[in-house]
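The sequence and coordinates are shown first, and the analysis follows.

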Amino acid sequence: MTVTASQAQTVSPTFAQRAALFHYDPNIKPSISDDGLERRDRISIRDITLQLSPDRPAMKAYLVVPDGSGPFAGVLWVHWLGDKNSDRSEFLEEAVTLARKGTVSLLVNAMWADPDWYPTRNVDQDYHQSIQQVIDLRRAFDLLAAQPGVDSQRIGFVGHDYGGMYGAVAMALDGRVRSAVLIAMTQSFTNWAFFVKQPTSKVEYLRQNAVLDLTDYLAQLKNVNVLGQFANGDPYVSRADSLVIMNALPKKGERKFYDAGHDMVSAAAQADRLAWLTRDLNLQP
């Protein structure tokens, strides 16, 4: 069933109706072009360009693959919107660490990897762009799971800031993820929508985008072990925000705070998420 934007705005949709907003054709396979290769010990770091579907812009990504035939776990990583490492490079070293434990990782550039995206975007198009970004991440999960040797029962996700928020929606729709780390995220895209530009009508914007609020998607993560990582010095995500996120989960997760800012630069946070994924995805110690 297809739900139009106007229908989504005027009724309280069921989750099936919400899911219909993100429909895509899984039979359209992405094309991959290789732009470079780095070898570290027995690990390949492929610099790739993805064309996820013919109607979407090309996307830069890294595919980090250990030597051998598997079986491997698979992890999708999505970066934050910030002033540094705001692209596929944010988690690259962590992906290399997990490759040594038997993990294939896909690290993608989201739409906010373009430093001009947030300040120059058409705010009135946020709803449509958000839906398309989630579809892109759904296709990224498909691509990850299709890599040689990847065990579809051992899929993980790590997302920071917008990466965690869009990833949470994609996970709720996908159903394959078993372990996730959600970092410094809030419960609504509208919390961060208006720092630079305003929509034509804020009332209409809030009405249209309400269907994207995250609590209903988080409630679908029945089989996902979630580690929520938050910062003591975060001006954008309060402790109350973090509690809303964790309480929305149907399966009790773990909430941890770190001495960091919204950038979440913390050796302790990095160590905790690597340990979380290692345990949940049955990786080599």
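## Conventions

Axes are lines fitted to C-alpha atoms, for helices over the stretch in contact, and angles run from 0 to 180 degrees between N-to-C directions. Helices (H or I, at least four residues) and strands (E, at least two) are DSSP runs, numbered from the N terminus.

The model is predicted: local features need pLDDT of at least 70, side-chain atom pairs count only at pLDDT 80 or more, and totals for chains, interfaces and linings use all residues. Residues are numbered from 1 along each chain as its sequence is written, and side-chain values use heavy atoms, with hydrogens and water left out.

## Helix α5

Helix α5 covers residues 126-145, 20 residues in total. From its first C-alpha to its last it reaches 29 Å, close to the 28 Å expected at 1.5 Å a residue; the expected span is 1.5 Å times one less than the number of residues. Because 17 of its 20 residues are buried, α5 is largely enclosed by the rest of the structure. Buried denotes under 20% relative accessible area, exposed over 50%, and partly exposed the range in between (1.4 Å probe, protein chains only).

The axes of α5 and helix α6 (residues 162-174) are 9 Å apart, and the two helices pack at an angle of about 60°. They are therefore oblique to each other. Angles under 35 degrees count as roughly parallel, over 145 as roughly antiparallel, 65 to 115 as roughly perpendicular, and the rest as oblique. The crossing of α5 past α6 is right-handed; a crossing is right-handed if the near helix is turned clockwise from the far one by less than a right angle, and left-handed if anticlockwise. On the α5 side the contact (heavy atoms within 4.5 Å) involves Ser130, Gln133, Val134, Leu137, Arg138, Phe141 and Asp142, and on the α6 side Tyr166, Gly167, Val169, Ala170, Met171, Leu173 and Asp174. These residues comprise eight nonpolar, three polar and three charged. Nonpolar covers Ala, Val, Leu, Ile, Met, Phe, Trp, Tyr, Cys and Pro, charged covers Asp, Glu, Lys and Arg, and the others, Gly among them, are polar.

With α7, helix α5 packs at about 25°, the axes lying 10 Å apart. This makes α5 roughly parallel to α7, and the crossing is right-handed. Asp126, Tyr127 and His128 of α5 meet Tyr205, Gln208 and Asn209 of α7. The residues of this contact divide into two nonpolar, three polar and one charged.

## Packing of α3 against α10

Helix α3 (residues 92-99) and α10 cross at roughly 35°, and their axes come within 11 Å. The crossing is right-handed. Glu94, Thr97 and Leu98 of α3 make the contact with Gln270, Arg273, Leu274, Leu277 and Thr278 of α10. Three of the contact residues are nonpolar, three polar and two charged.

## Backbone exceptions

Most residues other than glycine have a negative phi, and most peptide bonds are trans. Gly70 and Pro71 are joined by a cis peptide bond, with omega about 5°. Pro71 is placed in the loop between β3 (59-66) and β4 (72-78).

Ala184, which is not a glycine, has a positive phi of about 50°. Ala184 lies in the loop between β7 (177-183) and α7 (202-209), and counts as buried at 0% relative accessibility. Asn282 likewise has a positive phi, near 55°, and is found in the segment after α10 (267-280). Asn282 is exposed, with a relative accessible area of 60%.
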